[in-house]
Structures are given as C-alpha cells and as structure tokens.
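I am opening a notebook on a structure that is new to me.

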Amino acid sequence: MSYQFATEYENYEDLASGRVLYNQHGSTAFPVRLASELFQRGKAILSGKGSRGPYRIYDPCCGGAYMLASIGFLHGEDIESIAASDIDPSAVDLACRNLSLLTAEGLRKRVEQIEQMHDSYGKQSHAEALAGAERLRQRIGSFPKSAGISECFAADATQPNERLKGKRFDIVLTDVPYGNKVEWNTEASDPAGLLLDRLEPVLAPASVVILVSAKDFKITHVRYRRLGQYKIGKRRVTLLESLANVPTD
C-alpha cells in the first residue's frame with residue numbers, strides 16, 4: 001500500500017506509547033502514520049459521499065485506544081466524538097485514560113504525574129515527555145471542544161451491546177485480533193463476520209468500516225461491499241461499506 005495522505009515522514013515522538021500516552025504491560029501500539037493514513041482515507045470516502053464531518057468514530061476492538069488517541073491528536077478538527085470498546089476490562093481502563101488526554105483536564109492530570117516522576121528521578125525522558133505534553137496541549141487547544149468527547153465501555157465485539165443502541169458512527173476503524181499478543185475471545189468460526197453483523201445497526205447512512213487484520217486473513221461479508229483492500233507489512237487493510245447504505249437504481 002502506498003500512502004496517499006500521510007505522505008511525509010513526520011516526527012511522532014510525542015505520541016509514543018508510554019511517553020505522554022499511557023501504557024501498560026501486554027498492551028499493543030499501532031503505527032501512528034498508518035493510523036493517520038487510514039483515518040484520512042475514510043474521510044476522503046465520506047467526503048465523496050457528501051459527508052464533510054466532523055465525524056463520529058468507533059473502535060470495537062480498541063485495546064488501550066492508542067490508535068484512537070493518535071488520530072484524535074492528529075485530526076481532532078475533523079472529529080465530533082470517539083467511542084471505544086473492548087472485551088478486556090483492563091484494556092478499557094487504559095483506553096479511557098488515553099482518550100482523556102484529548103481534553104485539557106485529562107492532559108493536565110497526566111502532566112502532573114510526569115512532573116512528579118521528573119521531580120523524583122530527574123530523568124531526561126521525563127523532561128522530554130513534559131515538553132511533548134505541552135506541544136500536545138497546544139494542539140488540542142485549537143480543536144473544537146467536541147473533539148474530546150469520548151466514551152469507553154466493555155463489550156464483546158461479536159455480541160449485541162445495549163451501550164450501542166441508538167448510536168450511529170461515520171467511521172469504524174479497528175485493528176482486529178490476529179494472534180501474537182491478542183486473540184479473539186470466542187469459539188465462533190468467523191468472528192470478523194459477527195463483528196460486521198453487530199456493526200450494521202450502528203452505521204450512519206454515509207459510513208465506512210476500516211478493518212486491519214493479518215495480511216493472510218481476508219475479510220468478506222455478503223452484506224458489505226469492499227471499497228478497497230491493501231497489504232502493508234504484516235497487515236491487511238480492508239475498507240467496506242454496508243450494502244444497506246448503497247443507493248439502488
């Protein structure tokens with residue numbers, strides 16, 4: 001896959017996991033540049049459908065919401081709200097803390113924590129983290145206040161969940177489990193298919209679903225149309241739209 005939007009090799013050190021963003025043992029990160037590219041591809045698709053944003057984003061397999069937080073910091077001007085869920089309660093707790101950083105109050109609390117560590121240990125890494133936090137504070141200061149609106153909740157992505165009732169999302173972007181540190185917590189033969197089943201009722205009329213999976217794992221669904229499919233390193237990216245939202249002649 002060639003990059004169409006995040007074409008410049010920017011310095012994403014301020015978004016490194018464990019620097020300002022929270023981290024914990026067993027959590028996984030996601031390439032920041034790739035996250036930015038995928039969000040912008042979704043935005044381009046929606047713009048082509050006449051949906052100019054700001055957009056409501058949902059990640060049903062969020063882990064620690066590292067990908068969502070990165071997108072929030074980089075593209076907050078295009079975001080109305082962020083929703084994140086995961087089957088692992090400890091991951092949801094981490095996700096909530098990371099998404100809180102998109103607000104002035106959440107970032108202030110994080111700065112206080114880093115200042116305490118800097119006072120105790122005097123490490124250069126803590127000083128660099130404080131400088132990075134200030135740059136992130138300036139970034140979110142230019143965003144609409146709605147960009148920091150987020151919710152996190154525990155949910156099995158393959159099962160119905162009352163927390164999603166009545167909600168509509170413009171962009172669903174998720175890194176589905178594919179081994180190594182994270183596996184699907186289900187015995188279903190097609191968990192990705194079940195995920196797409198559960199997403200149908202919560203998709204806005206103009207919406208796009210972007211699934212990242214292992215490069216040898218192809219995702220198809222009879223009620224979705226593929227908008228694109230790309231391989232990048234060990235990953236495969238699949239872009240879909242619900243056929244229920246495709247105009248008929």
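For 249 residues a compact globule would have a value near 18 Å, and the protein chain has 18 Å, which agrees. I noted that this is a predicted model, in which local features need pLDDT of at least 70 and side-chain atom pairs count only at pLDDT 80 or more, while totals for chains, interfaces and linings use all residues. I also noted that residues are numbered from 1 along each chain as its sequence is written, and that side-chain values use heavy atoms, with hydrogens and water left out.

Next I looked up the extent, and the C-alpha trace spans about 65 × 40 × 35 Å along the principal axes of the protein chain. I then listed helices (DSSP runs of H or I, at least four residues) and strands (DSSP runs of E, at least two), both numbered from the N terminus. The protein chain has six helices and seven strands, and along the sequence they follow the pattern α-β-α-β-α-α-α-β-β-α-β-β-β.

For burial I used relative accessible area, with buried under 20%, exposed over 50% and partly exposed in between (1.4 Å probe, protein chains only). By that rule, buried residues make up 49% of the 249 residues. I took contact to mean heavy atoms within 4.5 Å. Of the contacts with a separation of 6 or more, 72% are between residues 24 or more positions apart.

On charges, I counted Lys and Arg as positive and Asp and Glu as negative, leaving out His and the chain ends. Each charge was placed at NZ of Lys, CZ of Arg, CG of Asp or CD of Glu. The mean positions of the 31 positive and 31 negative charges are 3 Å apart.

I then turned to the aromatic rings. Rings of Phe, Tyr and Trp (its six-membered ring) pair if their centres lie within 6.5 Å, and planes under 30 degrees apart count as stacked, over 60 as edge-to-face and the rest as tilted. How many aromatic pairs does a search of the whole structure find? I found two. In one of them, Tyr58 and Phe153 have ring centres 6.4 Å apart and planes at 15°, so the pair is stacked. This pair links distant parts of the chain, since Tyr58 is in strand β1 (residues 55–59) and Phe153 in strand β3 (residues 150–154), 95 residues apart. Tyr58 also forms a stacked pair with Phe169, at 4.8 Å centre to centre and with 20° between the planes. Because Tyr58 lies in strand β1 and Phe169 in strand β4, this pair ties together parts that are 111 residues apart in sequence. I noted that Tyr58 and Phe153 are buried, and that Phe169 is buried too.

Beyond its neighbours within four places in sequence, I found Thr174 in contact with residues including Asp59, Pro60, Cys61 and Leu195.

Asp86 has its place in strand β2 (residues 79–86) and is buried, with a relative accessible area of 11%. Not counting residues up to four places away in sequence, Asp86 touches several residues, among them Pro60, Cys61 and Phe153.

Two backbone details went into the notebook as well. A cis peptide bond joins Gly53 and Pro54, with omega about 5°, and Pro54 lies in the loop between α1 and β1. Ala65 has a phi near 60°, a positive value in a residue other than glycine; Ala65 is found in the loop between β1 and α2 (66–75) and is buried, with a relative accessible area of 0%.

My last entry concerns Arg236 in strand β7 (residues 235–242). Is Arg236 buried or exposed? Its relative accessible area is 4%, so Arg236 is buried. Arg236 and Asp175 are 61 residues apart in sequence and 9.9 Å apart in space, C-alpha to C-alpha.

Terms used. The radius of gyration is taken over C-alpha atoms; the globule rule is 2.2 Å times the number of residues to the power 0.38.
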